[in-house]
Amino acid sequence: MPGQSGESALTAREADCADWNEATVDERGTLIDALEQAEAAPTTGGSPAVLSEDQAFDLFDNYCSEGFARAFKLYKLYARAAAFQAPP
């Protein structure tokens, strides 16, 4: 992510906690937007649940602050947390 201008060079499925920790606030917001769009895609079986931006920032800040979580994929953390949210 460092050295990139504009949108994040990583896709939502590639980004991990190491990338989150190196990202600027704007890059983090872009990643969260991409994750929300991916999770909010139409599904068969009902409305998908998504996290608020604040919830997503808190989720990644908390998990990614732990050294053992360096390789955790953000999309997996997001999807698991969103599964416990009520649909919009």
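Colleague: Hi! Which residues have the most contacts inside the largest nonpolar core?

Modeller: Hello! This is a predicted model, to start with. Its largest nonpolar core has 19 residues, and Trp20, Leu35, Phe60, Leu74 and Tyr78 have the most contacts inside it.

Colleague: Which elements give two or more residues to this core?

Modeller: Helix H1 (17-22), helix H2 (25-39), helix H3 (53-64) and helix H4 (74-82) do.

Colleague: And how many helices and strands does the protein have?

Modeller: It has four helices and zero strands, so the pattern along the sequence reads α-α-α-α.

Colleague: Back to the core, then. What is Leu74 in contact with, leaving aside neighbours within four places in sequence?

Modeller: Leu74 is in contact with Ala15, Asp16, Cys17 and Trp20, and also with Leu31, Leu35, Phe60 and Cys64.

Colleague: Nice. How far is Leu74 from Leu59, C-alpha to C-alpha?

Modeller: The two are 9.5 Å apart in space and 15 residues apart in sequence. Leu59 lies in helix H3.

Colleague: Is Leu59 buried or exposed?

Modeller: Leu59 counts as buried, because its relative accessibility is 14% and the cut-off for buried is under 20%. Not counting residues up to four places away in sequence, Leu59 touches Leu51, Leu77, Tyr78 and Ala81.

Colleague: What about Ala56, where is that?

Modeller: Ala56 is in helix H3. Ala56 counts as buried, with 0% relative accessibility. With residues up to four places away in sequence not counted, Ala56 touches Ile32, Leu51 and Tyr78. The C-alpha atoms of Ala56 and Gly29 are separated by 9.4 Å, and these residues are 27 apart along the chain.

Colleague: Let's turn to H2. Which of its residues are buried?

Modeller: Those are Glu27, Arg28, Gly29, Leu31, Ile32 and Leu35. Their cover includes H1, H3 and H4.

Colleague: What span should H2 have, given its 15 residues?

Modeller: At 1.5 Å a residue, H2 should span 21 Å. Its end C-alpha atoms are 21 Å apart, so the two agree.

Colleague: You listed Arg28 as buried. What is its relative accessibility?

Modeller: Arg28 is at 16% relative accessibility, which is why it counts as buried.

Colleague: Which residue forms a salt bridge with Arg28?

Modeller: Asp61 does, and the closest N and O atoms of the pair are 3.3 Å apart. Asp61 lies in helix H3 and Arg28 in helix H2, so the pair ties together parts that are 33 residues apart in sequence. Asp61 itself counts as partly exposed, at 34% relative accessibility.

Colleague: How many salt bridges does the count come to?

Modeller: The count comes to one salt bridge.

Colleague: Now the outside. Which residues form a nonpolar patch on the surface?

Modeller: Tyr63, Phe68 and Phe72 form one, with about 320 Å² of accessible area together. Phe72 is in the loop between H3 and H4. Phe72 counts as partly exposed, at 30% relative accessibility.

Colleague: What percentage of the 88 residues count as buried?

Modeller: Of those 88 residues, 33% count as buried.

Colleague: Last one: among contacts with a separation of 6 or more, what share comes from residues 24 or more positions apart?

Modeller: Residues 24 or more positions apart account for 59% of those contacts.

How values were computed: Residues numbered from 1 in each chain as written. Predicted model: local features only at pLDDT ≥ 70, side-chain atom pairs only at ≥ 80, totals over all residues. Heavy atoms only, no water. Core = buried A, V, L, I, M, F, W, Y, C linked by side-chain atoms within 4.5 Å. Buried < 20%, exposed > 50% of the residue type's maximum accessible area, 1.4 Å probe, protein only. Contact = heavy atoms within 4.5 Å. Expected span 1.5 Å × (residues − 1). Patch = residues over 30% accessible without salt bridge, like charges linked within 9 Å, V, L, I, M, F, W, Y side chains within 5 Å. Areas by Shrake-Rupley, 256 points an atom, 1.4 Å probe, with all protein chains shown as cover. Salt bridge = Lys/Arg side-chain N within 4 Å of Asp/Glu carboxyl O.
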